[in-house]
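I've opened my notebook for a model that is new to me.

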Amino acid sequence: TPGTVVEPGLLPGPANNYLAALTLDADRAGLAYCDITTGEFAAAQFSAPDLLAALRNELSRLNPAEVLLPQRLAAAVPPLSGHRTVVPDARFDPARAESDLRAHFGVATLAGYGLAGKPLAAAAAAAILAYIRETQPAALSLLGGLRSYTLDEFMTLDAATRRNLELTETLRGGGVKGSLLGVLDTAVTPMGRRLLGQWINQPLLDKGRIEERLDGVGFFFEQGLLRAELRAALKPLADLERLTNRTAGRSATPRDLAVLRETLRVLPGILTLLGDSPLPLLGEGPGVRALDPCPDLLSLLAAA
């Protein structure tokens, strides 16, 4: 289906290919989305004076390839971005959602995922798992974590504003070249391009996190030699996120494994380059130093 495709030739370049699910009750909405090619999985529950407008804004940001809707909302919800797929209401049952998610992640409680007291977010996430179990069962193992988020973490931009600001595509032609993303994107890896697109689509509101990013930009601006060496070292990297997920999902080809081998050969050099340098920009996630060069796997692939 549009949201569960994993073949490289059918994916939208380095951009994310999201599958989303949404549900509504009287005054709340639950939304979840995932990209099975990268393992990204997130969910949110929110209230707003105009729930449909809030959902439309969030879906405009995500631009999902496919949106799952419960049968009861098929007529009530107007057309939204992405291919619409109507599924049985039971897939969004909040009573079953928590147990389904706990079983999938092998945990006793969902508190660690930030879903406590968010039954609609859990229902949307469980609906995604049920749909993937039916359409791409091998991909279930790729969704090893779930991130909870809120709409007030980021600046809310409606579809018209995004379009007029030309954040990721131009008004004329709809291409990336000439958009803000096209101007800023000098990333040398597919993972970097995806991350930059996500950052542009979700402008931060927290001053501390904004300054953390600025510190990172400042560090690499001042360290010109390290920046040049790091870019040269990163350039040969293939799309590690998608490669590892295709391998875990048992859909990798011999060519994929050969590319993975060459990518693993590059990682130790990157880690050596970074050494003990302070890297403020990488404070938002596990960072480059968390990369495991996987020497055992490299030896296996090199001998194959």
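This is a predicted model: local features need pLDDT of at least 70, side-chain atom pairs count only at pLDDT 80 or more; totals for chains, interfaces and linings use all residues.

**Entry 1: a helix pair.** I looked up helix H9 (residues 240–248) and helix H10 (residues 254–274), and they pack at an angle of about 130°. Their axes are 10 Å apart. Angles over 145 would count as roughly antiparallel and 65 to 115 as roughly perpendicular, so H9 and H10 are oblique to each other. I noted the crossing of H9 and H10 as left-handed.

**Entry 2: who touches whom?** Which residues of H9 meet H10? On the H9 side I found Leu-240, Leu-243, Arg-246 and Thr-247. They meet Asp-256, Leu-257, Val-259, Leu-260, Thr-263 and Leu-267 in H10. Sorted by class, this contact has 6 nonpolar, 2 polar and 2 charged residues.

**Entry 3: the sheet.** Next I traced an open sheet of 6 strands, in the order S5-S4-S1-S2-S3-S6, with mixed pairing. Its edge strands are S5 (83–87) and S6 (147–148), each pairing on one side only.

**Entry 4: inside the sheet.** I checked how strand S1 (residues 19–24) joins strand S4 (residues 66–70): the two run parallel, with 3 bridges between them. Ala-20 stands opposite Val-67 in S4.

**Entry 5: a helix over the strands.** Last, I found helix H1 (residues 51–62) lying across S1, S2 (29–35), S3 (40–46) and S4. H1 runs at about 10° to S2.

Terms used:
Residues are numbered from 1 along each chain as its sequence is written. Side-chain values use heavy atoms; hydrogens and water are left out. Two strands pair if DSSP finds at least two bridges between them. Helices (H or I, at least four residues) and strands (E, at least two) are DSSP runs, numbered from the N terminus. Contact means heavy atoms within 4.5 Å. Axes are lines fitted to C-alpha atoms, for helices over the stretch in contact, and angles run from 0 to 180 degrees between N-to-C directions. Angles under 35 degrees count as roughly parallel, over 145 as roughly antiparallel, 65 to 115 as roughly perpendicular and the rest as oblique. A crossing is left-handed if the near helix is turned anticlockwise from the far one by less than a right angle, and right-handed if clockwise. Ala, Val, Leu, Ile, Met, Phe, Trp, Tyr, Cys and Pro count as nonpolar, Asp, Glu, Lys and Arg as charged, and the others, Gly among them, as polar.
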